[in-house]
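Here are a few notes to read alongside the model. Please keep the 3D view open and look up each residue as you go.

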Amino acid sequence: MKYGFIPARIWSLTPAKVVHKLRREAGLLRRRFADSRRLTYAVGYSGRLVIPLETCVPEPLRTHAETLARLSRRYVRHEFDILGSGWKKWAAPGARSGSWGIVLHEAGETAASMSAETMRESERLLGLIDPDYQRMPWRTDLNAGYTWPRGQHYSLVRFGFQPGLDIKRPWEFSRMQYLPTLSLTYGLLRGGLLLRLSHEAIVHEYKDAVLDFMADNPPGYGPNWACAMEVGIRVVNCLTAYRLLKAYQAVFDEEFEEILCRSVYEHARHIINNLEYSPDFAGNHYLANITGLLFAAAHLPRSDEVDAWLGFAVQELIAATQAQFLADGLNFEASLCYHRFSAEMVVYGTALTLGLSNEKKAALREYGHRALKITPRLRPSLAPDTEIPGTTDLSPFPPEHWERLRKIAWASAEVFSCFGRIPQIGDNDGGRLLKLIPVQRIGSECPAPTSAWDYSEPGAPRDEEDHLDASPLLDAFAGLLQPPAGSHEAPDTQVVRFLARGAHANIPLSSPGGNRRSKAGDPQPAVIFPDFGVFILENRGLHLIIRLGPVGQNGRGGHAHNDQLSFELWCHGAPVLVDPGTYCYTSFPEKRNLFRSTAMHNTVTLEGKEQNPLEQGISVLFRLTDTVQPQLVE
């Protein structure tokens, strides 16, 4: 049956979701029209970011000085390793060979739909940047040599329309995850270490990079506003880096302080107007929205609007933690890498809430719920504060939030510690909330350079990021759920304590019960996660992880693979049989489907058959129907 211009798929949606989609599209249309006629920078907003006075300064471990110095020297030269690109200098792009030899060219600039006032403010911000600063290509996929137009409204940004072109590269770059690393290096420099880098250079880099991004990406325009998750992650990194720098007595001029505060407000306003939520599904994107909104509202001056944002963010952080993490402690995305990504957001969001100033804690009691007209609704009040487990301190988190955190921490430790790394079950896009000190593989562990794009320092050992190292997440949990263990704590542990201002729970991280099972006489038990659907067998240095479970996301299967009965085998910490993962999303749809197909996993295959149908087209790249319905027999 045909329904004119209405896609047939829409008729399978629930009425509530249809209404939600129609309202969202109508809202985007109104906003696009209004933005083209107004100043999208919030120039009428003024203030300074709120930093708690009694912040405790983390002491970066001197054992990390060499890594921090090497990374920071590269960052101030604008050399980055983005999504496995290798170390490249991110500068003005030209035509280059993209992935698989496909050659793209920089897009022609479209007729700017932004107002003249917005363009003038952008030019003013450019004038505040140091003349010696080398501007960065925030809107460019350097591997493909393509730049998304600056004057294109975020609601019109396209991706997946050209083979080899991946919007994730400018998104990943524009998360600004290198700024907290620079801040930790600044702490070492202020502490007297000589690292062939000046602390003034780091302050200038932070200021100029923020101004550069704001000028090149006016609010609401370009690819870096097209996804609210990216907006949330970016504001978390900018604020964490700023807070660390201020803790180390970094000084910025008053004009920049006010512009930075305004930019945080612009990020929060964009998030609240573009929440990635629908009545029947909210996943890691929505959790990133909430985390970014929480960080922004926690540092903005109080107002009726900001207080409501803060109350909403805490309310939804609690709800999302319960909804997105299963009873066995693992995440409902059916991906262990996405479990790590989502767990980071819960840990850092919880820590920041514990460390709110007294003024911000008052805002959680006094906000007006009618200030927000959004879905889901902000309740009139949060539940009464309860004791943090193992202490007499109070927090807005209910006991079930702490119990779920305990299970998440335990499950993460059980799965990741067995292998020393993250087994690749489901998708892996390298997504992280914060990369304080990216875990590096050094020297012979790294592949040799493949082109002149490699920017390794002469005479220095080769290094690249190890995206499957799970230790930062486990260290972050230690900062939230365990008492301080001394100055030798890992950087992620220290920064969690820094954001929480010393507050923490005292929770034993033993098994939540029922997950370890064994038969009499077995040397080691099995570890079972029935809700996610993984089973770990251990015996005399051998570790076997088997996948058997639902496709996740409440049946959507957005990050699942056809991997039922697939396994990874490790022997004494070394991989023997592994899952190849997925190296691309929208840049090569056919390759994404190939790498999530049954034949690409260590499982039983029937020629020409898939466990679950793999549909073709961009719109279904993040969908997998749970056709198989697997069951554990023995």
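1. Let's start with a group of rings: ring pairs join Tyr-75, Phe-80, Trp-87, Trp-90, Trp-138, Phe-173, Tyr-178 and Phe-213 into a cluster. Rings of Phe, Tyr and Trp (its six-membered ring) pair if their centres lie within 6.5 Å; planes under 30 degrees apart are called stacked, over 60 edge-to-face, and the rest tilted. By this rule there are 25 aromatic pairs.

2. Before going on, please remember that this is a predicted model, where local features need pLDDT of at least 70 and side-chain atom pairs count only at pLDDT 80 or more, while totals for chains, interfaces and linings use all residues. Residues are numbered from 1 along each chain as its sequence is written, and side-chain values use heavy atoms, with hydrogens and water left out.

3. One ring pair deserves a visit. The ring centres of Phe-281 and Phe-332 are 6.0 Å apart and the planes are at 25 degrees, so this pair is stacked. Phe-281 sits in the loop between helix H8 (254-273) and helix H9 (284-299), and Phe-332 in the loop between helix H10 (304-324) and helix H11 (336-354), so the pair ties together parts 51 residues apart in sequence. Helices (H or I, at least four residues) and strands (E, at least two) are DSSP runs, numbered from the N terminus.

4. Arg-243 lies over the face of Phe-498, at 5.5 Å from the ring centre. A charge sits over a ring if NZ of Lys or CZ of Arg is within 6 Å of the ring centre and within 35 degrees of the ring normal.

5. Now for the helices. H13 (residues 399-419) has 21 residues and reaches 31 Å from its first C-alpha to its last, close to the expected 30 Å. The expected span is 1.5 Å times one less than the number of residues. In H13, 16 of the 21 residues are buried, so this helix is largely enclosed by the rest of the structure. Just after H13, Gly-420 takes a positive phi of about 80 degrees.

6. How do H11 and H15 pack? H15 covers residues 491-500, and the two helices meet at an angle of about 40 degrees with their axes 6 Å apart. That makes H11 oblique to H15. Axes are lines fitted to C-alpha atoms, for helices over the stretch in contact, and angles run from 0 to 180 degrees between N-to-C directions; under 35 degrees counts as roughly parallel, over 145 as roughly antiparallel, 65 to 115 as roughly perpendicular and the rest as oblique.

7. Finally, some backbone details to check. Most residues other than glycine have a negative phi, and most peptide bonds are trans. The peptide bond from Thr-375 to Pro-376 is cis, with omega near 0 degrees. Leu-565 is not a glycine, yet has a positive phi of about 70 degrees; Leu-565 is partly exposed at 49% relative accessibility. His-572, also not a glycine, has a positive phi of about 50 degrees, and His-572 is exposed at 64%.

Conventions: Buried < 20%, exposed > 50% of the residue type's maximum accessible area, 1.4 Å probe, protein only.
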